[in-house]
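The structure is shown first.

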Amino acid sequence: MTTASTPATPGPSTPTTVRTFPLDQVKISDLDGDIIPPDRPKSTPFPEPDLLEGDIQCSLRPNGSERQDDYPIHSLQAPQSESSSSALNDLPTEIHEQILDHLSGVRSSASSRTTAGKSKALRGWGTALRHSRRREVSELALVSNKWRELIQDRLYRHLKIKGTRESVEQSMYWFSMYPHLRPYVKHIEIWFPVFQQKNPAFDRTLRIPSTTPDRSTLIRSLANLADSGNAISYQSPSNNCTLEEVFAFIQMTFEEACILTLEGGERKKPPMVRQFVNDQSFSLPLLEKIRTLVCKGQWNIIRSFDDFQNIAIALPNLQEWHGSYAKPKSKSYISMATILPKLPANLTHLNICLEADYRREAVSPLFFKKVGLKTHFCVDMAKAIPTLEHLVYTGRVCHSFFDHAAKLSNPRESRLKSVDLIIKNICRPTFLWNDGSGITDMAFILAFEALVLSGVKSLDRLSALDFLRIRFIDLESPLPALNPYFNLNHNQCTGIWSDAIVDALARTRPKASFVEKSENLGDIGFKDGQLLGSPVFSKTRPLSVKVSNYLSLSGGITIN
């Protein structure tokens, strides 16, 4: 009897005595009669096995043949004409896509939408555009005809074109010569320059040598440049396209484009992108396929409600709007305060970034105090909640946002599913002087708690809300892990907590609860004016922090 070989009981190291069956009693005919090859399942992606190139040698001899050489060898050879055709082309398209995803990056779907505060529509769109080996990727189109289509689809799916008349005319000429490339474009990006060279006749070869010069050559070229008197100067652009020309170009050229990005740029006293060619025009060409609009440097593109309204009318099927501002200014808040209460009903995904410098501040800047004198931005933003499904906002906000959002929402008709707020500061009355931010500012922590408490209280009115994230980001924090945050995801809560927050959560969302409720921060103290925390906080963010524990951090640190 032999021992079974398993990981726990390995087999014997030496062969054991086994009764052997005489080989001369085995007949090929018996094998042929008993062995039946199984049928391939219909669900297999490869219905028929591919033949290999070259001769196929059979290991078993046919019936009635004592020698393998007796069987005609030409019937065992694969046809050279069929095998020479590349087996790669016979693979399903999904396999080709997986191979190219591995080589050039995963390609996102054009129909992806925002979920839980994250935009899938824009994720991965710039992979081919900014690929460091774009030329090598384009050479993959030479592999086969099928790969040529797939590679061109990836290379042309996201185009970035300079918003000047020369660049637009060149693009129109290119796609008129190669019209088969037009359907591949799904994301069209137009960037408008804010400067242009004042003296275009300047010879760049005097300033930038064709090869890498040595020190003496560079000094001589700079001396010649100074003697020539051709100083480089810039002026406002005079040949930028209008939005009317850009929309007409997209309408005629890219019928399948579904994402539009407009980049307005940034500089001191920037010029605004004109919407119409002349004063006799009052509407922009329609782009019915555009579902997502991205505005970078939005102050140069949209400055009033009329500016946004003209664009929204030209995009009748717009569902997602991303807007970001290069610099914080009072005019940005005031202009958005006039737009948000009147968003079109078809716009369900909103991502607005008004301030993106993630650093604490000792006091609120003067520009935001100007905003408070004209309007309460939080109340105006809350008026957009009844029609939205997903909201991502970066800037200043207070508890009034959730208070008014709950009043304007009907629990039976509420569509809001996710809210993601990145807090620059909590807006407070303008007469307060100590309205800074940071983990050492207890007044800010209490205002942050009031914001979270207001958000939790609104859950009974915002019945569809399943994802709520409120966070403060300070890149210069002595303990970044202790930056206050609150996260509600699928009835699981993490972040700051207090008795008031827990009681409100039990009343408005009984199924929700905190993962844990920590009572202290551990070994945290001050030494020579420096805040020293537990090594755990330097690597991971705690799942819960009690609000009252921030009192121990409110002294000993001087914020510059």
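In this predicted model, helix α15 (residues 442–457) and helix α16 (residues 499–508) have axes that come within 8 Å and cross at roughly 10°. Angles under 35 degrees count as roughly parallel, and α15 and α16 are therefore roughly parallel to each other. The crossing in which α15 passes α16 is left-handed. On the α15 side, the contact is made by E449, V452, L453, V456 and K457; α16 contributes A500, I501, A504, L505, R507 and T508. By residue class, the contact of α15 with α16 divides into seven nonpolar, one polar and three charged residues.

Helix α15 also takes part in the surroundings of helix α14, whose buried residues pack against it. Helix α14 spans residues 400–408, and its buried residues are S400, F401, F402, A405 and A406. Besides α15, the elements that these buried residues pack against are α13 (377–382), β9 (390–397), β10 (418–426) and β11 (467–472).

A loop residue, P271, gives a further local view. P271 is placed in the loop between β5 (259–263) and β6 (292–296). Leaving aside neighbours within four places in sequence, P271 is in contact with V194, P237, N300 and R303. The C-alpha atoms of P271 and W299 lie 9.5 Å apart in space, while the two residues are 28 apart in sequence.

Over the whole protein there are 16 helices and 17 strands. Of its 560 residues, 41% count as buried. Among contacts with a separation of 6 or more, 76% come from residues 24 or more positions apart.

The pLDDT of the protein averages 78, and 67% of the residues score at least 70.

| Stretch | pLDDT | Contacts beyond four places in sequence |
|---|---|---|
| residues 123–130 | under 50 | 23 contacts |
| residues 556–560 | under 50 | 10 contacts |

Where pLDDT is low, the predicted coordinates should not be read in detail.

How values were computed. Residues numbered from 1 in each chain as written. Predicted model: local features only at pLDDT ≥ 70, side-chain atom pairs only at ≥ 80, totals over all residues. Heavy atoms only, no water. Axes fitted to C-alpha atoms, helices over the stretch in contact; angles between N-to-C directions. Helix = DSSP H or I, 4+ residues; strand = E, 2+ residues; numbered from the N terminus. Parallel < 35°, antiparallel > 145°, perpendicular 65-115°, else oblique. Left-handed = near helix turned anticlockwise from the far one by under 90°. Contact = heavy atoms within 4.5 Å. Nonpolar A, V, L, I, M, F, W, Y, C, P; charged D, E, K, R; others polar. pLDDT = per-residue confidence, 0-100. Buried < 20%, exposed > 50% of the residue type's maximum accessible area, 1.4 Å probe, protein only.
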